[in-house]
Amino acid sequence: MEMESSESPIETTTTNKGASKSKTTRKPKQTASLLKQKSPAEFFSENKSIAGFDNPGKCLYTTVREFVENALDSAESISELPVVEITIEEIGKSTYNSMIGLADRERVDEELYDDFETAKAREKRLAKEARIQENQAKLAALGKKLKEPTSAKVIKGRAQASFYRVTCKDNGKGMPHDDIPNMFGRVLSGTKYGLKQTRGKFGLGAKMALIWSKMSTGLPIEISSSMKGQNYLSFCRLDIDINKNIPHIHLHEKRDLKEHRHGAEIQVVIAGNWTTYRSKILHYMRQLAVITPYAQFLFNFVSDAPDKNVSIRFSRRTDIMPPVPLETKYHPSAVDLLLIKRLINETSKQNLLQFLQHEFVNIGKAFAERLIGEMGPDFSPKMLVKSLTSQQIVRIHQLFRQAKFDDPSGDCLSPAGEYNLRLGIIKELHPEMVATYSGSAQVFEGHPFVVEAGVSVGGKDVKQGLNVFRFANRIPLLFEQGADVVTRTAMKRINWNSYKINHTQDKIGVFVSIVSTKIPFKGTGKEYIGDDISEIASAVKISIQQCCIQLKSKIAKKIHAREQQERKRNLSKYIPDATGAIYDVLKEMTTLRASKKKRYNDEDAELLDKVSSRLITKSTLMEKLKEHVEQVDYEMALEYATHRGVADEPRESLYIQSLRDENKFVDFQSPVFVFRLFQ
């Protein structure tokens, strides 16, 4: 018999026949939730895809990229022409086991492993191979062409991961001995923070490679560094404490400097996949050589199988380097409340007037006084900036958002330059023709930016159609190309036919480099620039169009030259027939004159005398006709160049370097050459 109660279901009691005890449902225990926090290193180790470490292949690519970009930054910071050597060495399982002190062990229970082949699967595979061999034999008997047998797919188990030793050596400024542990073993600590153009995306650099090394191999990173003027070599072997975000130092010492050089050498062992990301890594190195033709790169891949080894040298083409990017101050329209509060806490200025003048760009003394007057009676130029209340800071922020300020200049930026971009394209692609353009500095959301572009036609290793090469702060962007503003502009907003360019049949290279104090990346991987910022989209379109305008005149000349050659070829083709016909007429006229059947004037008679005395023959007549065709061709080309060539040729600027006491030469720079005058 069941008894129901109108009380809460939790307290309902049921009595079963023959049961001596009643059962009640239990209430869930209420436990206090604990507040937890994660270190930056722990966060990035759990979300490594944010930093570009999605899979083993991408991890290898990103490690190479981070090392190379750090090496370039280090060399450029001391105005040294970069020399970067990157080596990827494949490490077998046995070698890796010996490195960590683990003995190799044979498999005992084969069925435990994910690459185990069952008897049924083996029987199926052998039957398939037998059918293929039978078909090959039939084709051979009929005398037909044999198909290449497809190689059997090798299943690679998870335990058979590939390991690689990545080494990067540079001639940069090196690192201070005491700073090395924190520079590599503490996430979100570095020298690139501040408002300036930088190659880095997150400030992680080699730290993320160290985290991946700890996750995949457990081996530490090794750093050797020497600075100018040092008589010792700093050596450090360390890994990172993920939970505490602090370096775990294995060895940190000063060693004798065997050779007088400066720079750093970094070595790390990680899990990776060279096979799937080989092309990406090599494309990255090639595009980096385009945007930095003043650098020399040596890339090596070393494997146990000699046929897999790769060695490529990207030679330096010029010694003209872009200027070092300068740190700048914030534009008032680009700050938020939190940033204003941080600037107030960090400023060394005492009063509000000095704070506005020195912590922001484009605010002079007179303009700062006008701003303070507009803020209201609670503000004065001499009031202590540290005494500002939260409400007063909000008022400053509101005025910053509403007031009109001059745009920031692009003096703090360091674009590659037209000269370097052109040289890089010519060096790596060898195109038939190339045009470059560098726009003036523009602004979005208070941040200055410069767009440079290059368009090439023809070249080696260039596919048919549009080939888009994207750069942000002088680093190549290889992923998520379809959503990028450069790709969308090149594909949809440029009318290539109007510039006499066939974008489907010709080999077109489109190169666009954007530099800024803030690159508006999209997506967690920061691999593309969005198409939603009108200022950048417009600047990209104009830059590509300016290149196309330059190419149009060159292509028009090429087409005219081709038509001229075709016309000359057609005329030359008929010279033998025309010569024969004319000579036959002259011979007939000579015969008529000799028989006195027809009289000719003195000029014609003189010509016929030369024919009869064989001073004019068929061959001499042919030579005269050829000379006449050449003369007409030359005169037409000269007339075209006089009337159209000069007018169509775009004018190119010439840049003269400012004189400095330390320079012993002056550079006259144009997009196509640099004339160096030594003093």
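**Surface patch, a buried glutamate and salt bridges**

Met 99, Ile 100 and Leu 102 make a nonpolar surface patch of about 240 Å². The model is predicted. Across the whole structure, a search finds 21 salt bridges. One buried glutamate, Glu 359, has no salt bridge.

**The nonpolar patch**

- Ile 100, one of the patch residues, sits in the loop between α3 (93-99) and α4 (119-141).
- The relative accessible area of Ile 100 is 37%, so this residue is partly exposed.

- Glu 359 belongs to helix α9, which covers residues 352-359.
- Which side chain of opposite charge is nearest to Glu 359? That is Lys 329, 6.7 Å away.
- Glu 359 does have a polar partner: its side chain and that of Thr 347 are joined by a polar contact of 2.9 Å.
- Leaving out residues up to four places away in sequence, Glu 359 touches Lys 329, Tyr 330, Leu 343 and Thr 347.

- Glu 129 and Arg 125 form a salt bridge, at 3.3 Å from N to O.
- Both residues lie in helix α4. They are 4 residues apart, about one turn of the helix.
- Glu 129 has 31% relative accessibility, so it counts as partly exposed.
- Arg 125, at 33%, also counts as partly exposed.

**A salt bridge between Arg 493 and Asp 531**

- Arg 493 pairs with Asp 531 in a salt bridge, and their closest N and O atoms are 2.5 Å apart.
- Arg 493 is in helix α13 (residues 485-493), while Asp 531 is in the loop between β16 (528-529) and α14 (534-594), so the bridge ties together parts that are 38 residues apart in sequence.
- Arg 493 is partly exposed because its relative accessibility is 33%.
- Asp 531 is partly exposed too, with a relative accessible area of 25%.

**Other salt bridges**

- Glu 46 and Lys 38 form a salt bridge, with 2.4 Å between the closest N and O atoms.
- Is Lys 38 buried or exposed? Lys 38 counts as exposed, at 52% relative accessibility.
- A network of salt bridges links Arg 65, Glu 66, Glu 69 and Glu 527.

Terms used
Residues numbered from 1 in each chain as written. Predicted model: local features only at pLDDT ≥ 70, side-chain atom pairs only at ≥ 80, totals over all residues. Heavy atoms only, no water. Patch = residues over 30% accessible without salt bridge, like charges linked within 9 Å, V, L, I, M, F, W, Y side chains within 5 Å. Areas by Shrake-Rupley, 256 points an atom, 1.4 Å probe, with all protein chains shown as cover. Salt bridge = Lys/Arg side-chain N within 4 Å of Asp/Glu carboxyl O. Helix = DSSP H or I, 4+ residues; strand = E, 2+ residues; numbered from the N terminus. Buried < 20%, exposed > 50% of the residue type's maximum accessible area, 1.4 Å probe, protein only. Lys, Arg positive; Asp, Glu negative; His and termini not counted. Polar contact = N/O pair within 3.5 Å; in protein donor to acceptor, adjacent residues only side chain to side chain. Contact = heavy atoms within 4.5 Å.
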